[in-house]
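Hello,

I am handing over the structure we spoke about. My notes on it follow below the display.

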Amino acid sequence: MSTGDAHAGSTVQHRSRVRKNQDRPNLRQVHLIHRELLDDLNGKGFDVSPADLGENITTVGIDLLGLPRGTRLRIGPSAEIEVTGLRNPCAQIDDFRPGLLREVLRRDTNGKVVRLTGVMGIVHVGGEVGPSDPIVVELPCGALEPLECV
């Protein structure tokens with residue numbers, strides 16, 4: 001993340017969240033999504049490529065949705081991101097591809113909403129990242145807390 005980035009800052013930056021409470025912490029600086037979701041969506045007839053859903057980083061082989069809150073992701077030579085929660089897609093996603101919201105917001109067998117559109121995080125250490133940079137997952141110490149919507 002660089003100076004002047006629209007998502008930088010210690011307090012919320014998204015307009016809808018600023019209107020509600022501009023003093024809340026900014027937990028949505030970086031959006032990560034798993035390539036496996038894009039592949040699944042493409043298999044269902046949706047034409048979706050990396051960055052189409054607003055993600056900053058597309059991962060492969062990491063169970064992003066299963067990570068606990070506070071997980072650190074070390075990306076490339078220096079970048080470090082802390083996972084803060086699940087991304088909550090909005091109805092605007094249907095403007096991009098009609099019917100897509102229904103595919104990325106599902107319900108489990110108990111009726112609980114399952115959000116599939118990746119995770120959000122905050123930058124602890126900035127740095128350039130590239131397409132083939134390794135991602136090292138470091139789980140937090142202590143009790144592991146599941147991700148909630150941020």
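This is a predicted model: local features need pLDDT of at least 70, side-chain atom pairs count only at pLDDT 80 or more; totals for chains, interfaces and linings use all residues.

On the overall layout: the protein chain holds four helices and eight strands. Read from the N terminus, the order of elements is α-β-α-β-β-β-α-α-β-β-β-β.

Six strands make up an open sheet of mixed pairing, in the order E2-E1-E7-E4-E3-E8. The edges are taken by strand E2 (57–59) and strand E8 (135–138); each has a single partner strand, so one side of each lacks a neighbour in the sheet. On average, neighbouring strands in this sheet are turned by 35° against each other, direction ignored.

At the E8 end, strand E3 (residues 72–75) pairs with E8 in the antiparallel sense, over four bridges. Within that pair, arginine 74 stands opposite valine 136 of E8. At the E2 end, helix H2 (residues 35–43) lies across E2 and strand E1 (30–34), and runs at about 55° to E1.

Some totals for the protein chain. Of its 150 residues, 34% count as buried. The accessible surface comes to about 8800 Å², with 49% of that belonging to carbon and sulfur atoms. Among contacts with a separation of 6 or more, 65% are between residues 24 or more positions apart.

Regards

Terms used. Residues are numbered from 1 along each chain as its sequence is written. Side-chain values use heavy atoms; hydrogens and water are left out. Two strands pair if DSSP finds at least two bridges between them. Helices (H or I, at least four residues) and strands (E, at least two) are DSSP runs, numbered from the N terminus. Axes are lines fitted to C-alpha atoms, for helices over the stretch in contact, and angles run from 0 to 180 degrees between N-to-C directions. Contact means heavy atoms within 4.5 Å. Buried means under 20% relative accessible area, exposed over 50%, partly exposed in between (1.4 Å probe, protein chains only). Accessible areas come from the Shrake-Rupley method with a 1.4 Å probe; for residues, only the protein chains shown count as cover.
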